[in-house]
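I opened my notebook today to look through one structure, piece by piece. Here is what I looked up, in the order I got curious about it.

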Amino acid sequence: MRAVVIDSERAVQVVDRPDPALPGPDGAVVQVSSAAICGSDLHFLEGHYPIDQPVSVGHEAVGTVVETGSEVGRFTVGDTVLVSSVSGCGHCAGCRTQDPVRCVRGPQIFGSGLLGGAQAEYLAVPAADFQLLAIPDGIDTEQALLLTDNLATGWAAARRADIPLGGTVAVIGGGAVGQCALRSALCLGAARVFVVDPVPARRGRAVDAGAHALDAPGAQAVLDVTSGLGADSVIDAVGSDSSLDDALASVRTGGTVSVVGVHDLAPYPLPALVCLLRSLTIRWTTAPVQQTWPELIPLLQAGRLDVAGIFTGAFTLDDAAQAYSAAFSRDAKHLKIQLTP
């Protein structure tokens with residue numbers, strides 16, 4: 001099969017790899033019909049994570065089941081499915097909460113070196129009954145791809161931000177996760193959502209979705225529009241030192257900072273004493289993907305949560321290098337990119 005890999009030289013290549021084998025009796029093999037590039041995939045290109053051999057990348061995929069193990073009960077060959085980006089064993093006490101991050105055997109993420117990457121023609125999926133979801137009626141391909149990660153992450157970010165009804169929210173970062181977070185915050189009852197991003201086109205998309213746009217740097221901008229008090233809830237969808245600094249400086253005393261941006265491996269110098277004196281609540285979250293589906297899917301089907309316009313382009317798998325270049329540019333044209341085998 002063809003698969004996208006990033007090598008130790010930080011180059012994107014499409015290579016031939018063996019078709020994946022069935023990953024055990026509870027697993028399945030999915031023929032990928034559409035995948036997506038996530039902002040966290042770009043960390044491999046930016047050198048934030050070490051690579052000593054080519055990594056098959058990607059963790060967002062929809063497709064068709066082509067093989068199942070003998071213990072798979074919910075899916076059969078031919079089913080059209082989406083794949084949770086985060087994998088758990090599916091059987092332990094942690095997984096019974098529908099949160100793979102709590103898996104007592106340790107969660108794994110597709111395309112991070114331990115499991116195969118979703119930007120490929122085929123994907124081996126362990127614990128298929130837990131990892132897969134049959135794509136419901138009324139859910140299109142773009143929505144299904146967002147349900148594998150970005151929308152689940154944005155929803156979890158808003159859920160864990162303690163947003164008061166009628167409250168004010170600041171979202172640091174207007175990429176795909178930030179766009180999902182702002183929509184989630186509005187859906188959960190925020191009266192005002194401010195999105196901070198240096199890219200005018202991303203700010204424009206945020207305004208189109210019902211938010212107010214602020215140019216970076218964000219802390220002073222948020223304080224200026226909140227009479228110096230700060231936002232009730234701040235969502236950091238970037239995960240850099242500077243975005244964390246902005247988030248902590250722009251939340252009001254007693255407020256909550258919800259972090260879903262992926263930081264690099266360097267330690268962050270948390271101002272612990274200031275956070276204590278200001279009685280801040282800070283939460284870091286890896287999305288409990290499966291746990292979000294029962295809430296998100298009815299909202300999407302009913303049109304109460306609109307994610308149109310987050311995907312801005314599509315490339316074939318063979319053009320993955322060009323697709324990554326477009327995503328990496330973070331320019332006005334490109335926000336979220338599909339890859340189709």
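**Entry 1: Ala 127**

Is Ala 127 buried or exposed? I noted first that this is a predicted model. Ala 127 has a relative accessible area of 6%, and anything under 20% counts as buried, so Ala 127 is buried. I found Ala 127 in the loop between strand E9 (122–125) and helix H2 (128–131). Its phi is positive, about 45°, although Ala 127 is not a glycine.

**Entry 2: Asp 162**

I then turned to Asp 162, in the loop between H4 and E11. Asp 162 is not a glycine, yet its phi is positive at about 55°. Its relative accessibility is 39%, and Asp 162 counts as partly exposed.

**Entry 3: a cis bond**

Which residues does a cis peptide bond join? I found Ala 216 and Pro 217, with an omega of about 0°. Pro 217 sits in the loop between E13 and helix H7 (218–225).

**Entry 4: helix H5**

Next I followed helix H5, which has 12 residues, 176–187. From its first C-alpha to its last it reaches 17 Å, close to the 16 Å expected at 1.5 Å a residue. How many of the residues of H5 are buried? I read 10 of the 12, so H5 is largely enclosed by the rest of the structure. Among the buried ones are Val 177, Cys 180, Leu 182 and Arg 183. I also looked for what covers them: the cover includes helix H3 (141–148), helix H4 (150–159) and helix H6 (200–208), along with strands E11 (168–172), E12 (192–196) and E14 (231–236). Just after H5, Gly 189 takes a positive phi of about 110°.

**Entry 5: H4 against H10**

I stayed with H4 and checked how it meets helix H10 (residues 289–302). Their axes come within 10 Å and cross at roughly 95°. That makes H4 roughly perpendicular to H10. On the H4 side, I listed Leu 151, Ala 152, Trp 155 and Arg 159 in the contact. H10 brings Val 289, Thr 292, Glu 295, Leu 296, Leu 299 and Leu 300. By class, I have seven nonpolar, one polar and two charged residues in this contact.

**Entry 6: the six-stranded sheet**

In what order do the six strands of the open sheet run? I wrote down E13-E12-E11-E14-E15-E16, with parallel pairing. The edge strands are E13 (212–214) and E16 (281–284), each pairing on one side only. Neighbouring strands of this sheet are turned by 20° against each other on average, direction ignored. I zoomed in on E11 and E14, which pair in the parallel sense over four bridges. Val 171 has Ile 235 in E14 as its bridge partner. Helix H8 (residues 241–250) lies across E11, E14, E15 and E16, and runs at about 145° to E15.

**Entry 7: the three-stranded sheet**

My last stop was an open sheet of three strands, in the order E2-E1-E4, with antiparallel pairing. E2 (12–16) and E4 (55–56) stand at the edges with a single partner strand each, so one side of each is left without a neighbour in the sheet. E1 (residues 2–6) and E2 pair over five bridges, and Val 4 stands opposite Val 14 in E2. Helix H11 (residues 320–329) packs on this sheet, touching E1 and E2. I noted that the direction of H11 makes about 155° with that of E2.

Notes. Residues numbered from 1 in each chain as written. Predicted model: local features only at pLDDT ≥ 70, side-chain atom pairs only at ≥ 80, totals over all residues. Heavy atoms only, no water. Helix = DSSP H or I, 4+ residues; strand = E, 2+ residues; numbered from the N terminus. Expected span 1.5 Å × (residues − 1). Buried < 20%, exposed > 50% of the residue type's maximum accessible area, 1.4 Å probe, protein only. Contact = heavy atoms within 4.5 Å. Axes fitted to C-alpha atoms, helices over the stretch in contact; angles between N-to-C directions. Parallel < 35°, antiparallel > 145°, perpendicular 65-115°, else oblique. Nonpolar A, V, L, I, M, F, W, Y, C, P; charged D, E, K, R; others polar. Pairing = 2+ DSSP bridges.
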